[in-house]
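Have a look at the model first, then read on.

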Amino acid sequence: MTEELHLPLTSRGHVLIDAPARVDALLVGFHGYAESPATTLEALGRVDVEGLARWAPRGLHHFYNRAGEVVASWMTRFDREHQVELQVQFSKALLDAAAERYGSVPVYALGFSQGVATAWRAAVLTGLRVEHLFALAGDMPPEVASELAVQPPVPVTWR
């Protein structure tokens with residue numbers, strides 16, 4: 001008989017940060033599938049706003065692409081409920097760390113492709129306030145849609 005054993009583990013989240021000396025707002029960019037946070041941070045750098053800190057978290061599942069670079073994804077369907085829970089924990093820890101560093105500055109979330117679902121989870125499921133969500137080339141996950149039925153919406157720009 002085949003069985004599956006689940007082992008409790010701890011992990012570490014990684015975030016690339018570009019911040020000025022005085023931070024008035026935070027933009028968190030969640031990358032797409034098989035991308036690197038460095039790519040996202042570079043793109044966020046094009047947002048020219050004085051006092052804006054830019055954070056680019058790395059997806060929780062790291063792997064090598066064909067060029068040998070370390071890239072990441074946010075999750076797969078395998079063990080989906082647990083993966084969603086990990087993403088929410090990671091996003092909450094990330095937003096808590098930002099609040100510790102910068103106080104109560106406005107937080108904006110941007111997701112690209114697979115990162116859109118993660119940005120939605122950060123904005124809705126962490127219990128922390130996100131001022132606005134920018135969703136580029138991705139979808140709202142079902143657990144967020146059901147949560148939005150019972151709480152105020154998050155302002156969002158879809159593209």
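## The largest pocket

How much space lies in the largest pocket? About 580 Å³, a volume being the space filled by probe spheres set on grid points joined across faces, edges and corners. A pocket here is an open set of points on a 1 Å grid over the protein atoms alone, where a 1.4 Å probe fits, with protein on both sides within 12 Å along at least five of seven lines; lining residues have an atom within 4 Å of a point.

Keep in mind that this is a predicted model, where local features need pLDDT of at least 70 and side-chain atom pairs pLDDT 80 or more, while totals for chains, interfaces and linings use all residues. Residues are numbered from 1 along each chain as its sequence is written, and side-chain values use heavy atoms, without hydrogens and water.

The lining runs to 19 residues, with Leu9, Ser11, His82, Gln83 and Leu86 nearest the pocket's centre. H2 gives the largest share, six residues (helices are DSSP runs of H or I, at least four residues, numbered from the N terminus). By class, eight are nonpolar, eight polar and three charged (Ala, Val, Leu, Ile, Met, Phe, Trp, Tyr, Cys and Pro count as nonpolar, Asp, Glu, Lys and Arg as charged, the others, Gly among them, as polar).

## How H2 meets H3

H2 (residues 80–102) packs on H3 (residues 114–125) at about 65°, axes 9 Å apart. Axes are lines fitted to C-alpha atoms over the stretch in contact, with angles from 0 to 180 degrees between N-to-C directions. The two are therefore roughly perpendicular (65 to 115 degrees).

On the H2 side, Arg80, Val84, Gln87, Val88, Ser91 and Leu95 make the contact; H3 brings Thr118, Arg121, Ala122 and Leu125 (heavy atoms within 4.5 Å). That's five nonpolar, three polar and two charged residues.

## The second largest pocket

This one holds about 230 Å³. Of its 17 lining residues, Arg80, Gln114, Ala117, Arg121 and Pro141 lie nearest the centre. H3 supplies the largest share, five residues.

Terms used: Parallel < 35°, antiparallel > 145°, perpendicular 65-115°, else oblique.
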